[in-house]
Amino acid sequence: MMTARSTSTVTSTVTVNAAFFQEIKEVHQELYALLDQVRQYCRLPSPSAGNGRELIGVVAELRDQLALHFALEEAYGYFEDPVFVAPRLSELAGSLRDEHRVLYLELSELVDLVERLNYRGRLAGSWARVRGRFTQFDDQLQAHEARENELILQAYEDDLGVGD
Ligand SMILES: [Fe+2]
């Protein structure tokens with residue numbers, strides 16, 4: 001016999017802890033140093049024979065640090081809030097949190113690509129492609145970080161009641 005079941009669902013909204021979020025960004029200097037190292041590699045006109053293994057080490061470390069950075073943000077910066085949160089802030093927070101997976105997968109693919117090319121001795125011949133992929137990833141990451149910084153400011157303003 002069928003029983004009546006409620007179709008209502010409890011929804012929660014994504015919001016941020018602005019103070020924790022800001023601190024995670026300020027203390028993660030290792031991530032920014034690794035990003036700079038990869039940018040310096042990308043300024044080389046062509047990698048030398050010995051650069052391949054070094055570059056793999058740096059981009060793999062960058063991937064691991066990025067995973068840690070996102071994990072910290074998701075554990076302490078973002079949180080699900082069952083109470084009402086301004087829809088504008090919640091939508092932005094939700095979409096930015098979802099970008100973590102896309103950015104991490106892109107960098108993981110880039111690490112695999114560099115490893116494959118280096119193993120086949122084709123890293124120098126495909127250097128423009130590798131640089132292009134990294135520059136695109138870097139631009140996406142910088143845009144993500146800039147939007148998260150805006151989100152933190154917006155969350156502070158909403159807390160202070162100075163937002164629109
Ligand atoms: Fe983030």
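H1 passes H3 in a right-handed crossing, a crossing being right-handed if the near helix is turned clockwise from the far one by less than a right angle, and left-handed if anticlockwise. Helix H1 covers residues 18-27, and the two helices pack at an angle of about 165 degrees with their axes 9 Å apart; axes are lines fitted to C-alpha atoms, for helices over the stretch in contact, and angles run from 0 to 180 degrees between N-to-C directions. H1 and H3 are therefore roughly antiparallel to each other, the term for angles over 145 degrees. Phe20, Phe21 and Ile24 of H1 make the contact with Leu72, Glu73, Tyr76 and Gly77 of H3, where contact requires C-beta atoms, placed from the backbone, within 7 Å. These residues divide into five nonpolar, one polar and one charged; Ala, Val, Leu, Ile, Met, Phe, Trp, Tyr, Cys and Pro count as nonpolar, Asp, Glu, Lys and Arg as charged, and the others, Gly among them, as polar.

The model described here is predicted: local features need pLDDT of at least 70 and side-chain atom pairs count only at pLDDT 80 or more, while totals for chains, interfaces and linings use all residues. Residues are numbered from 1 along each chain as its sequence is written.

The chain has five helices and two strands, which are DSSP runs (H or I, at least four residues, for helices; E, at least two, for strands) numbered from the N terminus. From that end, the elements run β-α-α-α-β-α-α.

H3 also has a partner in H2 (residues 29-42): their axes come within 9 Å and cross at roughly 150 degrees. That makes H2 roughly antiparallel to H3, and their crossing is left-handed.

The largest nonpolar core has 13 residues, of which Val59, Leu62 and Val114 touch the most other members. Such a core is a set of buried Ala, Val, Leu, Ile, Met, Phe, Trp, Tyr and Cys residues joined through C-beta atoms within 7 Å, and a residue is buried if 20 or more other C-beta atoms lie within 10 Å of its own. H3 (51-77), H4 (87-119) and H5 (127-160) each supply at least two residues of this core, with the largest share, five residues, coming from H3.

Technical notes
A residue is buried if 20 or more other C-beta atoms lie within 10 Å of its own, exposed if 12 or fewer, and partly exposed in between; C-beta atoms are placed from the backbone. Angles under 35 degrees count as roughly parallel, over 145 as roughly antiparallel, 65 to 115 as roughly perpendicular and the rest as oblique. Two residues are in contact if their C-beta atoms, placed from the backbone, lie within 7 Å.
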